[in-house]
Amino acid sequence: MAQFRNHELEYMVEDYYDMTDFDANSFDEDTDSPKNGPDESLDSDFEDDFDLTKPKTDTSALEARNGKDIQGIPWERLNFTRDKYRETRLNQYKNYENLSRCREELEKECEQVEKGHNFYDFQFNTRLVKSTIVHFQLRNLLWATSKHDVYLMQNYSVMHWSSLRRSGKEVLNVAKPIVPTLKYPGSMAQTLSRVQISTMAVKDNLLAAGGFQGELICKVRVFDAGNFMCLNRFCFPWSVNNTSVSPDGKLLAVLGDSSECLVADAQSGKVLGNLKGHLDYSFSSAWHPDGRILATGNQDTTCRLWDIRNLSQSVSVLKGRMGAIRAIRFTSDGRFMAMAEPADFVHIFDTKCDYIKGQEIDLFGEIAGISFSPDSEALFVGVADRTYGSLLEFNRKHYNCYLDSLL
């Protein structure tokens, strides 16, 4: 699972897995155990009706409570422990950098987060759908439209996963020729095929997938917009890696191959503020639902929080464990913010506590994307790995303190 060293930023599919898989072979393995395949020895002895019908590669909350690894990794068959492998990963992981700068002062800026909190509980992990990644720096490849419906990239397909039916379905195949069914002025007339989807978004009845060569594929159920005409085109002095629009639609966050991030007017493109503080290129951003806080994720391993009323400096700096911050999401109620590193760690922060209380989700594998459900009740994490690639589901934990009054 070593990071890429690809200065030309070209996309990868086949080579990706050769460099990022869960590397159990870096330690000696018990030769009496199978090298591949799911481990059934960790399954719980107590199984309900659902567990009797689900694939053995999947892991339920019940099995996790009974000791099974949430990803189904057979630690008891290996000659090293999970803790030992984690220690090795932390020591050997190389974070990708475009700009090499001294980061001693950066450490002093970072918040001392109180870890160990549990805002979202593990619910389910399935290997029936497996996230894949086209480009190692772009991880916006997972979207939840409800607490039961998730969309993710899997090779050349956009897959829909239903957590109710525990089944996946292909909704878009970009390996096959794609013939446009909607004609409008300025649209592409030629057929597309084998599109390298590097980013996507799904909301309501609209699915938009962006290709690495600039393609944009939209699929809709109900189309109520007039057309897909380009209303504005803004140019910036460096490559743009990520944009996000404020909740009121008036402001546009622009991040890219620069240590500075921009806030621009969404209508005119006029730059309203330069966000200074990051040390490397940025690839993720998100707005708090109240529109006052903007979060930016950077390869310097930090997420900075900016108060839109004063952009002269960030109000808080949150640090990851070992890698860049490649994805950021807020819950719809604004209570929690999640940020994902390229691999192994997802962090959840309580915004009401000024982001100093956090939960750390510790897993193994490259992270293709994260997404809260619209009702904030579920968090989904896509893991890209040939063996342990999967979709992880976590449910929001509720503390019903009012029940104490009944005792």
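**Reading confidence, strands and cores in a predicted model**

User: What does pLDDT do over residues 1-19, and how many contacts beyond four places in sequence does the model have there?

Analyst: pLDDT is the predictor's confidence in each residue, from 0 to 100, and a contact means heavy atoms within 4.5 Å. Over residues 1-19 pLDDT stays under 50, and the model has 62 contacts beyond four places in sequence for them. Residues 26-52 also stay under 50, with 43 such contacts. The chain averages a pLDDT of 85, and 81% of the residues score at least 70.

User: Which rules apply to the numbering and to the values?

Analyst: This is a predicted model, where local features need pLDDT of at least 70 and side-chain atom pairs count only at pLDDT 80 or more, while totals for chains, interfaces and linings use all residues. Residues are numbered from 1 along each chain as its sequence is written, and side-chain values use heavy atoms, with hydrogens and water left out.

User: What is the order of the strands in the open sheet of three?

Analyst: Strands of a sheet pair through backbone hydrogen bonds, either parallel or antiparallel. Strands here are DSSP runs of E, at least two residues, numbered from the N terminus, and two of them pair if DSSP finds at least two bridges between them. The order is β7-β8-β9, with antiparallel pairing. β7 (197-203) and β9 (216-220) are the edge strands, each pairing on one side only. Five bridges join β8 (residues 206-211) to β9, and Leu206 has Val220 as its bridge partner in β9.

User: How many residues lie between the strands in the hairpin of β10 and β11?

Analyst: Five residues lie between them, and Gly249 in this hairpin takes a positive phi near 80°. β10 (residues 240-245) and β11 (residues 251-256) run antiparallel and are joined by five bridges. Asn242 is partnered by Leu255 of β11.

User: Which residues have the most contacts inside the largest nonpolar core?

Analyst: A nonpolar core is a set of buried Ala, Val, Leu, Ile, Met, Phe, Trp, Tyr and Cys residues joined through side-chain atoms within 4.5 Å; buried means under 20% relative accessible area (1.4 Å probe, protein chains only). The largest has 20 residues, and those with the most contacts inside it are Tyr120, Ile348, Ile370, Leu379, Val381, Leu392 and Phe394. Elements giving two or more residues include β2 (120-126), β20 (343-350) and β23 (390-396). β21 gives the most, with five residues.

User: What is Leu392 in contact with, leaving aside its neighbours within four places in sequence?

Analyst: Its contacts include Ile70, Phe122, Phe124, Leu363 and Val383. A second, separate core of 16 residues includes Met153, Val195, Met200 and Ile217.

Conventions. Helices (H or I, at least four residues) and strands (E, at least two) are DSSP runs, numbered from the N terminus. Buried means under 20% relative accessible area, exposed over 50%, partly exposed in between (1.4 Å probe, protein chains only).
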